[in-house]
Amino acid sequence: MQTLRLGTRGSRLALRQSRLVADRLRALGVAVELITIVADGDVRAPDAPIGEGIFVTALERALASGAIDLAVHSAKDLPLDEDPRMTIVAYPERADPRDALVTRGREASLDALPKGARVGTDSPRRAGFVRALRPDLDVISLHGNVDTRLQRLDSGHADALVLAAAGLDRLGFGERAVRLEPDIMPPAPGQGALAVQVRREDAEVAAMLAPLDDPDVRGAVIAERALLKAMGGGCRAPVGAVAERSGSSFSLIAGAVTPDGRTRHVLRRNVDGAVARAASAAADELNRHVPIRPRALLDTRPDLDEQLREAVEELGFRHIHVPALEITAAPDAAGLERARAGLASYDWVVVTSRRGVEALLAAGAEVPERVRWAAVGDSTAEALRKRGVEPRCIPDAATSAAIPEAMARLGSLKGARVLLARADAADDALPQRLMEMGADVDDVVGYRTSTAPQSSRRSLASALEDPQLEAVIFASGSAVRGLVDLSGEGAGALRRLRVITIGPKTSAAARDHGFVVTRESDTRDSAGLAAALRAALDEEVERWVESQRPRT
């Protein structure tokens, strides 16, 4: 029978965890050999920060190369976006998932620590919750494996530590641990659980390991990490979650905290079969209460829209505004001034944007009562209402193409005088359709749009350097072209982002420039863009949850 080569880190805890898995395999009659792999996290400087996947990547490299047949990880260390060549074939067991306090003076709780006591941790989540519970404590950064941290505690580097109870128990230090309940310090998603990884193509090894999988452990870990996925965080995010089997569902406690501890929120949820939906709902609540915003979104529209900014931030994104277009006055105002002076001579006035409203009704222009107004979308209609004009026609589909038929339902357009006030770059489809229906169209330039304003070049370069930049919003084809022109050599980085567009024409322009459109807005307004982003995130969590199910 084949001897399986089990890859493990060389720390005492990692070896202990790997031997637990090896012993279970041997009990099934499978021969196992342990292969020690030096992880990237094992060779970092003593007080260097821990990066995403730092304890995982070396083992994955060894798997990919064929040097080992399986790897054992702490589930909490796994990046959410798994190497597509690998799969987690088993979650064989879970120890106590809670965090624990270990003190030099044997204090029995966080409350018992004296003011100013130094509390060491390597986790932004633990640091934030400690500060929230005891803002008078001195939380210090203290890295290293469990043995190293305990030695540094006992030698006086700190007065207390907060670390995983599971590691303490597995190494025989459980009697020193004061367990911290999840409702005051929600643990890291997956904490205490072991994960066994194999090559996705290696069906024979996967079949040998399948009996190790514990469905309850897998279900709990998926629920916890789905919440982390929905929040947009990684294993270092200040987000905690723990799920426990409760009948046919799971009971979830989850929380988030700002690193300074000033804002925290903890919730409870029942998670049934709809894991992704429950995770997204919990993430929504946490994002509303705790502004950690671990990811960023690029908004390319010419003006800062507070409604969209607020909606984006509630979804856990930092909103970065980099205009890809510049709006200026029409270069020749004569046509606009003529139309404004003769408003009473028109039967219909059609405006397709807030900018068109502002241009036409500037300088206190009088609005004749007999003229009927048509507006594309709710935001354009609202701009009219703010100027005392109630639009007679707002098509259900917030597109210029829907305007002519919507107007015609209110009466024939044959012989009607129709004024259009639009951007200089607007296409001819709308006036042509109105003329086909018999209207006498006066198409005037209300404002000018220029792509790739130089004032945005530096802001875009800075945004592209942000490792948390994940999405971009386009509200016009001109914005797509403008951003590509501004980005220069950075265009490749842009094309890796999630792309949210305001409608079909913008989507077509994005695809023409090499983007993959993630989601298209159903309405041409801020609410539609926010809803499209929300739907894209929900679908992503749904796909992630499905990817974590055991292979059959």
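## The largest cavity

In this predicted model, the largest cavity is lined by Lys76, Arg125, Ala188, Pro189, Arg225, Leu228, Gly234, Cys235, Ala237 and Val239. Sorted by class, this lining has 6 nonpolar residues, 1 polar residue and 3 charged residues. The cavity has a volume of about 60 Å³. How many cavities of 30 Å³ or more does the structure hold? The count is 1.

## The largest pocket

The largest pocket has a volume of about 1500 Å³. Its lining is made up of 48 residues. Those nearest the centre of the pocket are Thr352, Ser353, Ala475, Ser476 and Arg524. By class, the lining of the pocket divides into 20 nonpolar, 15 polar and 13 charged residues.

Two packed helices are described by the angle between their axes and the distance between the axes. The helix pairs below are treated in that way.

Helix α7 covers residues 215-231, and it packs against α19 at an angle of about 150°, with the two axes 10 Å apart. An angle over 145 degrees counts as roughly antiparallel, so α7 is roughly antiparallel to α19. The crossing of these two helices is right-handed. On the α7 side, the contact is made by Ile222, Arg225, Ala226, Lys229 and Ala230. On the α19 side, Glu540, Val541, Trp544 and Val545 take part. The residues of this contact comprise 6 nonpolar and 3 charged, with no polar ones. Arg225 of α7, which belongs to this contact, is also one of the residues lining the largest cavity.

## Helices α8 and α19

Helix α8 runs over residues 275-289 and helix α19 over residues 526-547. What is the angle at which α8 and α19 pack? The angle is about 135°, and the axes are 9 Å apart. The two helices are therefore oblique to each other. Their crossing is right-handed.

From α8, the residues Val275, Ala276, Ala279, Ser280 and Asp284 meet α19. Their partners in α19 are Arg534, Asp538, Val541, Glu542 and Val545. By class, the residues of the contact are 5 nonpolar, 1 polar and 4 charged.

## Asp284 in helix α8

Asp284 is part of helix α8. Leaving aside residues up to four places away in sequence, which residues does Asp284 touch? They are Glu314, Leu315 and Arg534.

Asp284 and Leu297 are 13 residues apart along the chain, and their C-alpha atoms are separated by 17 Å.

## Helices α9 and α19

The crossing of α9 and α19 is right-handed.

The contact involves Gln307, Leu308, Ala311 and Val312 of α9. From α19, Ser526, Ala527, Leu529, Ala530 and Leu533 take part. Which classes do the residues of the contact of α9 with α19 divide into? There are 7 nonpolar and 2 polar residues, and no charged ones.

Key
Residues are numbered from 1 along each chain as its sequence is written. This is a predicted model: local features need pLDDT of at least 70, side-chain atom pairs count only at pLDDT 80 or more; totals for chains, interfaces and linings use all residues. Side-chain values use heavy atoms; hydrogens and water are left out. On a 1 Å grid over the protein atoms alone, a cavity is a set of points where a 1.4 Å probe fits but cannot get out, and a pocket is an open set with protein on both sides within 12 Å along at least five of seven lines; lining residues have an atom within 4 Å of a point. Grid points are joined across faces, edges and corners, and a volume is the space filled by probe spheres set on the points. Ala, Val, Leu, Ile, Met, Phe, Trp, Tyr, Cys and Pro count as nonpolar, Asp, Glu, Lys and Arg as charged, and the others, Gly among them, as polar. Axes are lines fitted to C-alpha atoms, for helices over the stretch in contact, and angles run from 0 to 180 degrees between N-to-C directions. Helices (H or I, at least four residues) and strands (E, at least two) are DSSP runs, numbered from the N terminus. Angles under 35 degrees count as roughly parallel, over 145 as roughly antiparallel, 65 to 115 as roughly perpendicular and the rest as oblique. A crossing is left-handed if the near helix is turned anticlockwise from the far one by less than a right angle, and right-handed if clockwise. Contact means heavy atoms within 4.5 Å.
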